Amino acid sequence: MTLNFIPKLLLVLAFAAFSAGARRSELELKETHLSLFFHDIAAGSNFTLIPVAGIAGKLWTFDQFGTAFVTDDPLTETPDRNAPIVGRGQGIYVTSGLDGRNTHVLISIVFTNKKYNGSTLEIQGTSKQFEKVREVSVVSGTGQFRFARGYATFETYLWDPATFYSVERCNVTVQHY
């Protein structure tokens with residue numbers, strides 16, 4: 001009776017060890033570095049950034065406390081306005097500093113390119129909007145960036161006050177499974 005049981009036990013143990021090894025390789029932490037360019041258009045008929053709320057009787061601007069903006073920016077791998085779009089930067093900015101210097105950022109990077117299509121990165125935090133480099137947290141992700149965590153930096157690459165067009169370079173470093 002004992003001899004019949006041993007081969008079955010060995011088979012179960014071998015399967016369990018194989019399964020654990022497969023899961024371990026799936027759960028290895030990866031690190032990804034991305035450089036993307038957000039194209040903000042804040043005027044005209046093709047705008048991608050617009051104020052939607054603010055203090056009554058006050059001008060709704062980036063430096064006015066309480067002003068909320070929504071955005072749906074095209075994202076490209078280069079700063080060229082006509083470069084292929086790899087995703088969208090969709091979310092909300094709220095001027096949250098009483099002095100107008102800080103903005104609370106809630107942005108989803110939604111990838112549409114072949115490599116990361118359908119994956120997202122979730123960015124959240126306070127952006128010191130008048131500093132040369134602004135750093136915010138990457139708090140989550142989906143698809144190929146499942147369980148992402150890390151940080152993103154934003155730098156103004158181009159600003160045209162005549163057309164209210166700007167390009168923001170976003171460098172992302174994330175760890176994910």
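Arg81 lies over the face of Tyr165, 3.8 Å from the ring centre; a charge counts as sitting over a ring if NZ of Lys or CZ of Arg is within 6 Å of the ring centre and within 35 degrees of the ring normal. Before you go on, keep in mind that this is a predicted model, in which local features need pLDDT of at least 70 and side-chain atom pairs count only at pLDDT 80 or more, while totals for chains, interfaces and linings use all residues. Residues are numbered from 1 along each chain as its sequence is written, and side-chain values use heavy atoms, with hydrogens and water left out.

Let us stay with the rings for a moment. A pair of aromatic rings is described by the distance of the centres and the angle of the planes. Rings of Phe, Tyr and Trp (its six-membered ring) pair if their centres lie within 6.5 Å, and planes under 30 degrees apart count as stacked, over 60 as edge-to-face and the rest as tilted. By this rule there are eight aromatic pairs. In one of them, the ring centres of Phe38 and Phe154 are 5.3 Å apart and the planes stand at 65 degrees, so the pair is edge-to-face. Because Phe38 belongs to strand 1 and Phe154 to strand 8, this pair ties together parts that are 116 residues apart in sequence. Strands here are DSSP runs (E, at least two residues), numbered from the N terminus. Both Phe38 and Phe154 are buried, that is, under 20% relative accessible area, where exposed means over 50% and partly exposed in between (1.4 Å probe, protein chains only). Elsewhere, ring pairs link Phe111, Tyr116 and Phe145 into a cluster.

Now follow the strands, which pair if DSSP finds at least two bridges between them. Strand 5 and strand 6 run antiparallel and are joined by nine bridges, with Thr103 opposite Ser127 in strand 6. Strand 6 (residues 120-128) then pairs with strand 7 in the antiparallel sense over five bridges, and Thr120 faces Thr142 across this pairing. These two strands form a hairpin with four residues between them. Strand 7 also pairs with strand 8, again antiparallel, over six bridges, and there Glu135 stands opposite Thr153.

The hairpin of strand 7 and strand 8 has six residues between the strands, and Gly143 in this hairpin takes a positive phi near 65 degrees. Most residues other than glycine have a negative phi.

Finally, look for the largest pocket, with a volume of about 800 Å³. Of the 29 residues that line this pocket, the closest to its centre are Asp40, Phe62, Gln129, Ser166 and Glu168. On a 1 Å grid over the protein atoms alone, a pocket is an open set of points with protein on both sides within 12 Å along at least five of seven lines, and lining residues have an atom within 4 Å of a point. The volume is the space filled by probe spheres set on the points. Strand 8 gives the largest share of the lining, four residues.

Key
1 Å grid on protein atoms, 1.4 Å probe; cavity = no way out; pocket = protein on both sides within 12 Å on 5 of 7 lines; lining within 4 Å.
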